[in-house]
Amino acid sequence: MSYSRDMETEADAFAAHALIDEGIGVEPFVQAFEKLESTEPPEAQQNNKLKQMSDWFASHPDTQERIKQIRQIAAESQKK
């Protein structure tokens, strides 16, 4: 799982830099993560199919941490 999380973090950074370079900014990227996070219903722990989906996301970095890192990349790019 650590390897997968590291790859996801690297992919997030690449995407954030690409969005910044294209003049789009990271907010649409952040909004996508926020929307994904808000779609997991509370009953996911009780419903086996939803739990399997939740378990799949467990191999990914924490969504709030991903958002924080993406915003940090954007802030650092503004300093340059």
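**Aromatic pairs.** I looked for aromatic pairs in this predicted model and the count came to 1. The rule pairs rings of Phe, Tyr and Trp (its six-membered ring) if their centres lie within 6.5 Å; planes under 30 degrees apart are stacked, over 60 edge-to-face, and the rest tilted. The pair is Phe29 with Phe33, tilted, at 5.0 Å centre to centre and 50° between the planes. Both sit in helix α2 (residues 27–38), 4 residues apart, so about one helical turn separates them. I took helices as DSSP runs of H or I with at least four residues, and strands as runs of E with at least two, numbered from the N terminus. Phe29 and Phe33 are both buried; buried is under 20% relative accessible area, exposed over 50%, and partly exposed in between (1.4 Å probe, protein chains only).

**Ground rules.** I noted that residues are numbered from 1 along each chain as its sequence is written, and that side-chain values use heavy atoms, without hydrogens and water. Local features need pLDDT of at least 70 and side-chain atom pairs 80 or more, while totals for chains, interfaces and linings use all residues.

**Confidence.** I checked pLDDT, the predictor's confidence in each residue from 0 to 100. The chain averages 82, and 71% of the residues score at least 70. Where pLDDT is low, the predicted coordinates should not be read in detail.

**Asp12.** I found Asp12 in helix α1 (residues 2–21). Asp12 counts as buried because its relative accessibility is 6%. Beyond neighbours within four places in sequence, Asp12 contacts (heavy atoms within 4.5 Å) Phe29, Phe33, Arg66 and Ile70.

**Salt bridges.** I searched the whole structure and got 4 salt bridges, each a side-chain nitrogen of Lys or Arg within 4 Å of a carboxyl oxygen of Asp or Glu. Arg66 and Glu8 form one of them, at 3.0 Å, N to O. Arg66 is in helix α4 and Glu8 in helix α1, so this pair ties together parts 58 residues apart in sequence. Arg66 is buried at 7%, whereas Glu8 is partly exposed at 23%. Asp12 also bridges to Arg66, at 2.6 Å, N to O; that pair links helix α1 to helix α4 across 54 residues. I then turned to Arg71 and Glu34, whose side chains meet at 3.8 Å, N to O. Arg71 lies in helix α4 and Glu34 in helix α2, 37 residues apart. Arg71 is partly exposed at 36%, and Glu34 is partly exposed at 35%. Shared partners join Glu8, Asp12 and Arg66 into one salt-bridge network.
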